[in-house]
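Reader: I have a chain open here and would like to go through it. Can you take me through the main points?
Author: Here is the chain.

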Amino acid sequence: MDHEYRDQVVKLSQAEDYTAFEDLIQMAGCISMVHTLSRRQEMCKAHQGFDQFCRGLETLGVLGALKHHGTRMKEVFEYEKRLLDSTTIELLFEADLAKANSNRRRQEEIVLSNWRDFLLDLEEGTEVPTLKDLLVFVTGADGIPPLGFDPLSTPAVSLGRN
């Protein structure tokens, strides 16, 4: 009996491809064990990858923040498409204003007030273009990207200083 097992082990070690290996395993009646072992190896690899991912998150303290503030961190890791509204568009643009209490600043604030009214009109649909049309015209994007726009190229409201 030991001689038969030895012969099978020798054939198994000399198998050149997976099908020959699988045939020998099937003859021995161990195919379910091989599939279980294969699944276990896949799970171990996945677990190792997950552990490495967690160690990476730990290096900057992100994992701790996720554990302690899971619901607040959800918006950082999950993209939720936001509807465009006048407030979102207004916050997207940056206005370079003159010094406070100056005559120029008062004029600029009137222009900004008109800008906000224009955005509200676009939001209500009383104007022909839409907020989306404005966003496409200014940025070339039809929506706000998940990570926002590049801070170095923030859209700005120019108030025409000399």
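Predicted model: local features only at pLDDT ≥ 70, side-chain atom pairs only at ≥ 80, totals over all residues.

**Surface, fold and core**

Reader: How much accessible surface does the chain have, and what share belongs to carbon and sulfur atoms?
Author: The accessible surface is about 13200 Å², and 55% of that belongs to carbon and sulfur atoms. Areas come from the Shrake-Rupley method with a 1.4 Å probe, and for residues only the protein chains shown count as cover.

Reader: Where in the chain is confidence lowest, and where highest?
Author: Helix α2 (residues 18-28) is lowest at a mean of 63, and α7 is highest at 89. The chain averages a pLDDT (the predictor's confidence in each residue, from 0 to 100) of 77, and 72% of the residues score at least 70.

Reader: How many helices and strands?
Author: The chain has 8 helices and 2 strands, in the order α-α-α-α-α-α-β-α-α-β from the N terminus. Helices (H or I, at least four residues) and strands (E, at least two) are DSSP runs, numbered from the N terminus.

Reader: What percentage of the residues is buried?
Author: Buried residues are 17% of the 162 in the chain. Buried means under 20% relative accessible area, exposed over 50%, and partly exposed in between, with a 1.4 Å probe and protein chains only.

Reader: Which residues are in the largest nonpolar core?
Author: The core has 12 residues: I89, L92, F93, L112, W115, L119, L122, L131, L134, L135, I144 and V157. A nonpolar core is a set of buried Ala, Val, Leu, Ile, Met, Phe, Trp, Tyr and Cys residues joined through side-chain atoms within 4.5 Å. α6, α7 and α8 (131-139) each supply at least two of the core residues, and the largest share, 4 residues, comes from α7.

Reader: What does I144 touch?
Author: Leaving out residues up to four places away in sequence, I144 touches Y79, R82, L84, T88, L135 and F149. Contact means heavy atoms within 4.5 Å.

Reader: On to the rings. How many aromatic pairs are there?
Author: The count is 2. Rings of Phe, Tyr and Trp (its six-membered ring) pair if their centres lie within 6.5 Å; planes under 30 degrees apart count as stacked, over 60 as edge-to-face and the rest as tilted.

Reader: Why is the pair of F93 and W115 edge-to-face?
Author: The ring centres of F93 and W115 are 5.2 Å apart and the planes are at 75 degrees, so the pair is edge-to-face. F93 is in the loop between α6 (86-92) and β1 (94-95), and W115 is in helix α7, 22 residues apart.

Reader: And W115 with F118?
Author: Their centres are 6.2 Å apart and their planes at 35 degrees, so that pair is tilted. W115 and F118 both lie in helix α7, 3 residues apart, about one turn of the helix.

Reader: Are W115 and F118 buried or partly exposed?
Author: W115 is buried at a relative accessible area of 18%, whereas F118 is partly exposed at 31%.

Note on methods
Residues numbered from 1 in each chain as written. Heavy atoms only, no water.
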